[in-house]
Amino acid sequence: MLLNRLRGPSLAVLTCALGALALSACASTGPASSSDSTSTASSDRTMARGLDGWANQDSYPSTYRGLPRQNMALVGATVFTGAGEKIDNGVVVVTDGRIFAVGDASTPVPGGHQVVDTRGRFVTPGIIDIHSHLGVYPSPGVQGMSDGNEATNPNTAQVWAEHSLWPQDPGFNTARAGGVTTLQILPGSANLFGGRGVTVRNVPSVTMQGMKFPGAPYGLKMACGENPSRVYGSRNQTPATGMGNVAGYRAAFIAARDYKAKWDKWREDGKGTPPTRNLQMETLAGVLDGSILIQNHCYRADEMAVMLDIANEFGYKIKTFHHAIEAYKIAPRLAREEVCAAMWTGWWGFKMEALDGIEENAALTDAPAGSCAVIHSDDEYLTQRLNQEAAAALSAGRRAGMDITEAHAMSWITLNAARAIGIDKETGSLEVGKRADVVIWSANPFSVYARADQVFIDGGLAFDRTNPAYQPVSDFELGQPGYGQAAAGNAQGAR
């Protein structure tokens with residue numbers, strides 16, 4: 001058994017002093033950022049176009065270092081690669097935290113690798129949840145820690161979700177027990193521009209920086225539809241209508257285009273004092289230059305079409321529509337314009353813009369060539385069962401007469417999800433060279449009876465259902481009924 005071969009530390013309480021699970025925040029402080037941000041303002045001519053120097057990855061760096069790992073070969077399982085392939089009696093070789101080889105039983109195992117018997121089980125990539133509010137809306141939560149919506153202005157593009165993220169949210173632990181290895185944490189959807197999201201590795205950490213996915217692009221959360229007009233219209237403010245929403249987007253990008261032009265001119269000629277920084281505008285300028293990806297809350301097909309028109313007007317790309325309940329109605333256009341659509345399977349009807357949802361949405365959206373359908377959660381409970389949500393979508397598609405394999409449907413929560421947030425070159429599938437984010441399941445992951453037995457992140461064991469040493473418990477769970485080592489041993493990825 002794996003737990004006998006991969007010896008681990010003691011119970012993972014979130015504190016460096018106990019050395020639990022070799023928390024990334026304890027392993028390294030990461031690269032230092034400048035303590036004098038004003039000293040480079042007039043001399044830096046190498047900044048990314050549209051950005052103002054301090055808003056890049058080096059200013060708020062990841063200190064993620066990963067968990068202890070060893071080279072290993074998982075042998076004998078049914079393997080879903082996430083890239084559309086199913087391998088019976090497969091072999092997955094992990095070397096230095098990366099996928100070294102994937103193949104059938106004839107795949108050689110390099111010397112020095114621990115052989116893990118996975119016969120009778122299933123192996124998949126780690127699940128990626130691209131729409132989560134864990135850490136900014138902790139679970140369980142109280143009003144004092146409801147940090148996901150900066151609902152003070154229709155445009156709060158200047159705020160970053162990572163600056164609200166509480167890494168000891170117990171929801172990260174239960175998501176990991178459900179096979180989730182990576183999450184995009186987004187601000188809420190009260191505003192036209194809600195702020196930047198952050199992509200995190202689902203490892204225990206005492207700091208946000210210790211979870212932050214190195215090199216992952218930022219995403220800007222936008223929201224169309226009922227939310228912004230309801231929030232601000234009720235306060236006798238604009239926007240109060242869909243028309244007001246669109247006018248607000250356009251006005252903001254007109255201002256951002258002007259802001260970007262001023263910075264570009266200063267970079268080109270270097271004359272005079274650089275323009276004054278504007279945190280709101282530099283995020284929008286990052287969208288215009290393509291370095292920041294649009295993650296757009298948008299339910300209805302007609303509103304998605306309008307958002308695509310706005311993107312065309314200002315020359316930027318929408319990366320993903322979230323909560324895209326009516327994506328099936330415009331699936332060919334989404335595929336043609338290379339826009340992903342993230343959705344639930346069974347959530348619908350809870351407000352007017354969610355009225356026309358169907359369970360076949362993912363399957364129909366996925367049908368055109370080049371499409372990118374994703375199953376997401378937006379919920380601290382559903383994130384623990386995204387494999388089951390994908391199974392329901394697969395079943396609905398098959399009932400509608402569509403020929404969809406399990407191997408293909410696995411991409412809805414793995415490779416397509418990685419593509420939707422710009423990390424598909426690094427993770428999302430069991431392909432040579434990618435990060436070894438791997439889940440060993442007790443049964444077919446599309447079965448309601450399947451449980452994640454072991455979860456690896458960058459080849460490091462992050463969760464083991466049979467070993468309490470690999471069942472991290474937040475300080476805020478200790479002593480609580482239903483938590484602790486005994487309860488963790490019986491956990492099934494749910495609370």
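Which residue with positive phi follows helix 6?

1. Gly290 follows helix 6, and its phi is near 85°. Helices here are DSSP runs of H or I with at least four residues, strands are runs of E with at least two, and both are numbered from the N terminus.

2. The model is predicted: local features need pLDDT of at least 70, side-chain atom pairs count only at pLDDT 80 or more, and totals for chains, interfaces and linings use all residues. Residues are numbered from 1 along each chain as its sequence is written, and side-chain values use heavy atoms, with hydrogens and water left out.

3. Helix 6 (residues 279–288) is largely enclosed by the rest of the structure, because eight of its ten residues are buried. Buried means under 20% relative accessible area (1.4 Å probe, protein chains only). The buried residues include Met281, Leu284 and Leu288. Their cover includes strand 8 (193–201), helix 5 (242–269) and helix 7 (301–314).

4. Helix 5 and helix 6 pack at about 85°, axes 8 Å apart. Helix 5 is therefore roughly perpendicular to helix 6 (65 to 115 degrees). Axes are lines fitted to C-alpha atoms over the stretch in contact, and angles run from 0 to 180 degrees between N-to-C directions. Contact means heavy atoms within 4.5 Å. Phe253 and Tyr259 of helix 5 are among the contact residues, as are Met281 and Val287 of helix 6.

5. Met343 lies in strand 12 (residues 340–343). Met343 counts as buried, at 0% relative accessibility. Beyond four places in sequence, its contacts include Ala324, Asn361 and His376.

Methods. Buried means under 20% relative accessible area, exposed over 50%, partly exposed in between (1.4 Å probe, protein chains only). Angles under 35 degrees count as roughly parallel, over 145 as roughly antiparallel, 65 to 115 as roughly perpendicular and the rest as oblique.
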